[in-house]
Amino acid sequence: MIERVHEHIISELQQNARTDTIFIVAAILLNLLALGVNSGVSSGSPDSTTWIVFYTFIALVIVINFVVEIGLIKGRQTRIKLINGLLKMYKDQNVEGYYDPSLLGNYNVRYNLFLLVVLFTGLVAIIVPLVLITS
């Protein structure tokens, strides 16, 4: 039975990693797309359609980045819980020496870096077109 629990936790960790990857890649691609579209829109002659497109992409960037940030925070919390469960299981089975608990700190740093990249690309996707409009 313990093997099945172990397999389930490992499977959950793999699913968590895939979900986080999708969140990160989607957010960065959207941010870069919005940066390109809004930069192009802001350099043209402004009319009502242009402004609608511009502010729609700004709203999209804000909403998607908010969702991704929340998703990554929840992903980090899930990973910590799953790994803590593994560590307890390993301790109960007297094999805890094979997994270094300091890896939790490394995962934390990695999640913080992912959050920073998503946040920063989102800010660039918003700020650069706004600067181009005002100049």
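This is a predicted model: local features need pLDDT of at least 70, side-chain atom pairs count only at pLDDT 80 or more; totals for chains, interfaces and linings use all residues.
Which residues does M89 touch, not counting residues up to four places away in sequence?

View 1. Leaving out residues up to four places away in sequence, M89 touches I2, V5, H6 and I9. Both M89 and I9 belong to the largest nonpolar core, the subject of the next view.

**View 2. The largest nonpolar core, 10 residues in all.** Its members are I9, L13, L82, I83, L86, L87, M89, Y90, Y99 and L104. Two elements, helix 1 (2-43) and helix 2 (48-92), each give two or more residues to this core. Helix 2 provides the largest share, six residues. Apart from this core lies another, of eight residues, which includes F54, F57, I58 and V61. In soluble globular proteins, nonpolar side chains tend to be buried together.

**View 3. The salt bridge between K88 and D92.** The closest N and O atoms of the pair are 3.4 Å apart. Both residues lie in helix 2, with a spacing of four residues, about one turn of the helix. K88 has a relative accessible area of 54% and is therefore exposed, the cut-off being over 50%. The count of salt bridges in the model comes to one.

**View 4. N16, a buried residue of helix 1.** N16 has a relative accessibility of 9% and counts as buried because this value is under 20%. With residues up to four places away in sequence not counted, N16 touches G75, T78, R79 and Y111.

Note on methods:
Residues are numbered from 1 along each chain as its sequence is written. Side-chain values use heavy atoms; hydrogens and water are left out. A nonpolar core is a set of buried Ala, Val, Leu, Ile, Met, Phe, Trp, Tyr and Cys residues joined through side-chain atoms within 4.5 Å. Buried means under 20% relative accessible area, exposed over 50%, partly exposed in between (1.4 Å probe, protein chains only). Contact means heavy atoms within 4.5 Å. A salt bridge is a side-chain nitrogen of Lys or Arg within 4 Å of a carboxyl oxygen of Asp or Glu.
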